[in-house]
Each structure stands twice: as C-alpha cells, then as structure tokens.
Amino acid sequence: MEKPVESFPILLLILLIPAWLFLVPISGQSDTITSSQFIKDGQTIVSSAGTFELGFFSPPNSLNRYVGIWYKATDRTPVWVANRQAPLRNKNGILRTILPAGVLAILDTSSNRTLWSTDASPRPVINPVAQLLETGNLVVRERDDENPENFIWQSFNYPTNMLLAGMKLGKNMASGLEAYLSSWRSVEDPSPGDYTFHCDSSGYPQDILRKGSKVVYRTGPWNGLRWSGAPNMVNNSLISFRLVKNKDATYYYTYELVNKSVISTLVVNPDGDTGRRTWVEKTRSWQIYHSFKADDCDTYGLCGAYGTCNVLESPVCHCLDKFVPRHQEDWDRADWSAGCVREAALNCTGDGFLKYTSVKLPDTNISQYNETMSLGECESVCAKNCLCMAYSSLNILNGGSGCLLWMGDLVDTRQLSQGGQEIYIRMAHSALLIEGSTQRKTRRRRRRKIITVGLPLIIVAALVAIVFGTIFCLKKRRMSPETTKNVFAAHNYKESSGGTHSEDLDLPQFDLYTLTLATDQFSVHNKIGEGGFGPVYKGVLKGGQEIAVKRLSEASKQGLREFRNEVICITKLQHRNLVKLLGCCIQGVETMLVYEYMPNKSLDMFIFDEKQSGLLDWPKRFNIINGIARGLVYLHQDSRLRIIHRDLKTSNILLDIDMNPKISDFGMARSFGGSETGANTMRVVGTYGYMSPEYAIDGIFSVKSDVFSFGVLVLEIISGKRNRHFVHPDHHLNLLGHAWTLYKDNRSLELIDPGLIGSCDPSEVTRSIHIALLCVQQSPDDRPNMPSIVWKLSNEGVLPEAKLPGFFTERRVASTDEHYSWRTQNLSSINDVTITLLDAR
C-alpha cells in the first residue's frame, strides 16, 4: 500500500508535464507540420517549390514575435500574420496542431499559454497536418485528404493586409464569413489598423476602402471588364483579375499572376494608401506598380450628391448638367459636401432620362440589377419606379448588356478622360423639353445657315483655298522638310539603360515666319527666361493667343536629342499640372518649341524673391505642393508611359494666372513601359542640389529620383530658401540637413518662411515638412511613391519616422579637410542650370 502512495507524486508530475514536450521539433526543409511535430522560434517550413516560407519574425523596431508567411526570395516582408493581435513577448513560442479539435495553435512554452489558434473542426479529426501550399495558403487538413473542399481551415479565408493571387475578397452569404484586408496599425505593429478594404456586395459589387466605418475610396462597380472608376486597372501582362459570382449569389474579387515568376501583391498600408506593389530583384526592393487613389477626385463623395469631379478643372467640383448647387454660398467657399439638386424638380409621372458620358459610375450601395435585361428594358423598369434615379448597362462587353438601377441619390461621380461609361439620369419632363427644344433650334439654325449661305461659302472657300494654297506652297519652300523628316520620322532611339520606343508624332508645326512675327523678331523685350535649352520668348499669335517660344541656342549643350525627347514625352500628355506643348518649329538651323504662355512665369521668381514671395501665402504654396505632386503621379503612373522627369526644380515649375503649378521642361525625361520604374545610365542629367544621391553618384535613376527632387522642392517652397545656397550661422549644413535637424528637435516650424507665419496652418506645415523629409531619405527604398505622397498630403494619419536625408553632411566652406565625397564628382555645371553630363561612378 505504501508503494502506490509513494508513486502518486510521480504520476501527478507526469500528468502535469505539458503535452508539447512529447512532440518532435521539425527537422530539415518541409512544407508540413504533422500532429507529432512543431516548429519553434528560429525554424521555418517552406512551400514545395520554395516560393513561400513560414516562421517567427519581429517587425522593425519591435521585440514582439509573430508567426507570418513571406515570399522566400524577398526581404521577408510578411504577406500574412497569424497572431497579429496576440504577440509573443519572448522567443519561447512554438506552432503545432492539436488533437482532437484539429486546430493550429501558437503556444508560449514559458507559461504553457495558447496565444492564438484556428477554429476547431466541426467534424471529428483523425490525423491533422498543417501545410504551407505553393500559393502561400496555410491550410489545416486531414493527412490523407488533399481535397480543398475538405480543408479544416485555411489562411486564405482570413487575409491580413495583403491580397495574394488566388485569395478571394468578399462575403460568403451562407457562412456569413467575410474575407477583407485590414491595414497594420503601423510598420512596427501588425495589429489591425484604421483602414479596411472590402469587396462590397450590399448593392452591385464594388471595392471600397474604409477608415473606420467611413468610406474614403471606391473603385466603382464592376462592368464586366474592370472597375468603373479605375480605367487603368485592366488585365495585362502582369495580372488577370475578375469578379466571380457563385451559385449562392456570393460575389468575390480575385486575381491571378499571368507571369508566375513575378512577385506581386495588393496591399493596404497603415496610412490607407492602397495599391499593387511588385518585388524588383535587381534593386532587392518592393516597387509600387499602381495605387488606387491617384488624385483628389478619388476622394469618396468629394463633390456631394449629383456633383462631379474633374481633375483637369479648377475647382475640381461642379454640378452635373441640369443641376445646381444645393447651397451656393457653401459651394463658393469650396465646401461641396451638400452636393447639387436638379434645376427642375421631379414629378415622377412624365419624367425622362438624360444621357451623361465618360463618367465613373456612382456608388451602388443602394442599387438593383438584372443580368439579362436590355438597355431599353432597363429604362422602362426605371421609369416606372419613382425611386429609381438613374440606370446604366451592367456589362460593357459585346455592346453592353444587363441593367443597373440606382435607387437613391447619385454620389461619388467623376469625369474620366478615358474609359468612362454612360449613365442615364432621371430628369423632369420640363428639363427635357428645354433640352430637346434647344437641340431642335440648333438643328434648324444649322440647316437654315447651310441653305442660305452654303453656295456663296463654297465659292468663297474655293477662292480662299487657292490663295492660301499658293501662299502655303511658297512658305513651304523656305522650310527644310528633310530636317523635319530626320527628326520625327520613324523615331527609334535607345539609351544605355533603356528600351526602344517608337512613336508616331502628331504635333502641329509652326513656320519660322509666324513665330518671328509673334515674338517681334525675337526681341530682347520679349525674352522671359533662359534655360539649358536656350532663351524663352513671349509671343502673341495673330488671333491674340499668347505663347511661349523656347528657342534652341547654338551655345546650348542640349541639342536635337533633348528637343526630340521633350516632344516625345509631352506631346500626348494631358494634365492640368503639366505645361501644354502647342507645337514646334524646325526650319533651317532653327529648332523651337511652342508652349502655352504662363503669365506668372516660374516658381523660383516668387519664393526666392523678398518682394514677390509675399504674393504666395501658405494656402497658395500648399496648393502648389499638391499640384506638383498630382502632376508627378500622372507622369509616374497614369500616363500612357511611365515618365521620370529627372530635372524637377523650382525654375521648371511654371505658374498660371491663378498660381496653379505646371511642370515643364521634359528635355531630360525618360519614359518606360510595362512594369519598369527605373534604369541605370552613364549619362547623368539634372541640376545640382535637386538630384538624388544614387543618381548623382552611381547613375541609377527611378521614380524615387523624382521623389527626392520633389522633397527638395517642398522644403524650398516652405522655407523660401535654396537648398544649394542655404547658409546658417550655427552650422554648414545644406537645407535638407538643417530641416532634418529641426525635425529631430521637434522644431520644424522654425524652418518656415517668416512671411507665411500669419497665413499658415502649423499642423499642415509640420506635416508637409515631415513628408518632404520622407522624400529626401538617403535610401530610395525608404522614400514613399508619389501616389502615397498625394494621399499623405490630403489625409491625416501617422507618418513613419524620417531617416537621415541624402547628402547629410557639413559642406566645405573654409577648410579643405572635411569629407564631402559627392562634391568631388566631375560636374559639367556649377550653377543652377541643368547639368548635361556627369561621370557616373
């Protein structure tokens, strides 16, 4: 009897030993954890072909430990996190499967606590295993059952901040489970943040970004080909995406990578910036491929109900045709939130519909749809329902099909320059009568004019054609058509780092005689500037149109190469923050470009001049900063080709009559196609003080080179000081170093131009300085991309800590002992004009 008594404590001790001690740590490279194995901190499992890896990690500047999945070939940035709300505080964690529930769990072995686990299986489990699939999906399944329909649990149903290829974004109506993305709280904290990204099927499906419960961005409804408000997001050589409808009427959004060797994800960042990023092996870094929110007009509901947004106009908001502002006084103060109302109130009976084109379709949160109706049937259904405010085709493929009805006010509409859709909006009968009457009167007047003056006009036109044809032929003889042909015909050029581009240029050509008259023989009195290309003259055409003529100087180090490059880069660009090229002149030895005239000339003439700087208060300067940023977003992302400017500086920012900025001088720009975002060159061009370190020293340029230049611009705009010529009595730092020093001491407001103190918003100025310092960080990988900068400028959110800026060193003033390595580069220019050549190191 004593023996059992004596053995009782031993038996009790055995029972209290944690079950995990009887398990075996996983050994070797495997993609599976069996029920008798576990992985501990420092061990990983790898998918079968080596694409994905799972293990423990710590975010930057954090000691917390998490279990995550990452692409094995990258910098281990997690694409999925298990215990994002329950971090380990030590390295005593293990990951294992648990019987009989068949769950996957993270345990802290120091306290024998379960920190995180998957849902228990609703059916009996015999031999569960956890497997990391080649898709990046972590699944729990029976060991002998690989059928996806029988998986006990899978990570693809619970995405974190990234959407991988094959993941489904949407809500399962049967189970009530919604798969959506949620941002990290910060780069150091993967717990759920403020922003979530959903495939919203409360009405007809559309993707939406929320901050808390508030919608801040919307893609527009699916139109069979793409999202209505994202015309650039079409299937391409990188990805193929689609909206899928299940048998239970469940919709979900998913995509596949066309090229399986490409590493690309859709990500929601802590500041709400959402878009696609791609891993570039050459630079060992993630590059932004596309950001959803590209400009102000992508801000949800900016112009209110029945308001429409057009980024090419100023102000960007206006009412749809036949609508007027609900509160005119608010509208005049740029408060568009109340939206617009119809000029003529609806009566229901007798109402009709007015067609609007090239629009992003409104919010479909309150909508109805039918996939089989024709557009005519759709109109009939909408007309019979007094709550129906508009209708459109559901699917734009094959001429259009289906019916989409809006059962409430139309919100979040914008004009699109390409890829917009048609919508038919309900109108009172009286408004349609006015519209129809106006159209009929116009047609009658047109016919009457044709009948009344048609014959005389034909005779006069024939005589005029003969006269002007003769004049034109005479003038043509003075021109050098061979030169024009050589410059523009069959344009094919290559640089050491780039590909080949071919363009058919369709650019108006001015003759020398016209431009000579317009500029008064290129009079010195009409000279308004001088650049690396040559002098710039103001001119006035016969019709009264003011122009700016850039004339290639014989002494210029820029020649036909830069001239041709500028024409190619800007000819087909259209954005309100880019200067418009009207045409060119190539005649004899003369080579000229003709632009729209900017009456306020360039930005540097204001911010660096004591008298003129007072004309630019803080609201105007902040508008200029935002305008430049939007122009760069267009160049880097939204134009036909990705364009890197490479010579962004204050003298290349022109100001129109309303002080709106326009980026100019594309002679040094480079264009790229596809997913290219940068290159390497032996021919470094740019301006001393604005060039990024990697470009000035190594000849490596990318969109992040323009980001660096933009950061310098912002600091100059805020301070009214030039980066290069900045002088301070307490140190020999440049403007970037001075701004960073103030930022680290929480004294950023000391940087501001004294003339702005009375008009500035301190928080707005401080945030702008912080964003500028993020742009001028030493490493290109640390700098934000331009779409995220636009987002940061217009939204409040936590900004990451700015790291040391590029060229942060005390300049050599008197002593020759100080190291100032980048100063030793063989620069072709030592003033503020464009550098045409650097010996890349």
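Student: Quick one on Asp 753: buried or exposed?
Tutor: Asp 753 is buried, at a relative accessible area of 11%. Buried means under 20% relative accessible area, exposed over 50%, and partly exposed in between (1.4 Å probe, protein chains only).

Student: What should I know about the model itself?
Tutor: This is a predicted model, where local features need pLDDT of at least 70 and side-chain atom pairs count only at pLDDT 80 or more, while totals for chains, interfaces and linings use all residues. Residues are numbered from 1 along each chain as its sequence is written, and side-chain values use heavy atoms, with hydrogens and water left out.

Student: OK, which residue forms a salt bridge with Asp 753?
Tutor: Arg 621 does, with the closest N and O atoms 3.4 Å apart. A salt bridge here is a side-chain nitrogen of Lys or Arg within 4 Å of a carboxyl oxygen of Asp or Glu.

Student: And where do Asp 753 and Arg 621 sit?
Tutor: Asp 753 is in the loop between helix 12 (735–744) and helix 13 (762–775), and Arg 621 is in helix 9 (residues 618–638), so they are 132 residues apart. Helices (H or I, at least four residues) and strands (E, at least two) are DSSP runs, numbered from the N terminus. Arg 621 is buried too, at 1%.

Student: New topic: how many salt bridges are there?
Tutor: The count comes to 26.

Student: Which residues are linked in a network of them?
Tutor: Arg 218, Lys 360 and Asp 412. The side chains of Asp 412 and Lys 360 meet at 3.3 Å, N to O. Asp 412 lies in a loop and Lys 360 in strand 30, so the pair ties together parts 52 residues apart in sequence.
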